[in-house]
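Hello,

Here is the structure I promised to pass on.

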Amino acid sequence: MLGMNDLKPGVFFIFEGQPYEVLRAQHLKMQQRRPVMQTKIKSLTNGKILERNFQQSDYFEEADIQKKKVKFLYSHRDEFW
């Protein structure tokens with residue numbers, strides 16, 4: 001399990017059932033409010049970039065991601081080879 005303080009650039013985690021990568025994370029503490037982690041995260045399924053704030057009570061599952069080098073040859077009928 002990952003907590004708010006574990007969200008650092010390059011970390012992969014599951015949020016709302018989808019895998020995300022942390023692009024930017026900044027700890028923000030304002031007067032008389034709870035501290036929050038301001039993040040910029042990228043969806044690994046569709047490539048969308050979101051900005052979200054997470055609180056100390058938020059916990060996430062770490063995503064099991066493996067990177068492989070591949071060579072794109074061609075696409076045919078929505079398949080990539």
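Phe54 is buried, at 3% relative accessibility. Bear in mind that this is a predicted model. The cut-off matters here: a residue counts as buried under 20% relative accessible area, so Phe54 qualifies. Phe13 is buried as well, with a relative accessible area of 0%.

The aromatic residues come next. There are 7 aromatic pairs by the ring-centre rule. One of them joins Phe13 and Phe54. Their ring centres lie 6.3 Å apart, with 90 degrees between the planes, and the pair is edge-to-face. This pair links distant parts of the chain. Phe13 sits in strand 1, Phe54 in strand 4, and 41 residues separate them. Both belong to a cluster: ring pairs link Phe13, Phe15, Tyr20, Phe54 and Phe60.

What is the order of its strands? It runs 4-3-2-1-5, in an open sheet of 5 strands with antiparallel pairing. Strand 4 (49-55) and strand 5 (61-62) are at the edges. Each has a single partner strand, so one side of each is left without a neighbour in the sheet. Strand 2 (residues 18-28) and strand 3 (residues 36-43) are paired in the antiparallel sense, over 8 bridges. For Val22, the bridge partner in strand 3 is Ile41.

Glu16 is not a glycine, yet its phi is positive, at about 55 degrees. Glu16 lies in the loop between strand 1 and strand 2. With 62% relative accessibility, Glu16 is exposed. Gln32 also has a positive phi of about 55 degrees, and Gln32 is not a glycine either. The place of Gln32 is the loop between strand 2 and strand 3. Is Gln32 buried or exposed? Gln32 is exposed, with a relative accessible area of 85%.

Last, Asp6. This residue is in the segment before strand 1 (12-15). Asp6 is partly exposed, at a relative accessible area of 36%. Leaving aside residues up to four places away in sequence, Asp6 touches Met1 and Val11. Asp6 and Ala25 are 19 residues apart in sequence. In space, their C-alpha atoms are 9.8 Å apart.

Over to you.

Best wishes

Technical notes:
Residues numbered from 1 in each chain as written. Predicted model: local features only at pLDDT ≥ 70, side-chain atom pairs only at ≥ 80, totals over all residues. Heavy atoms only, no water. Pairing = 2+ DSSP bridges. Helix = DSSP H or I, 4+ residues; strand = E, 2+ residues; numbered from the N terminus. Buried < 20%, exposed > 50% of the residue type's maximum accessible area, 1.4 Å probe, protein only. Contact = heavy atoms within 4.5 Å. Phe/Tyr/Trp six-rings, centres within 6.5 Å; stacked < 30°, edge-to-face > 60°.
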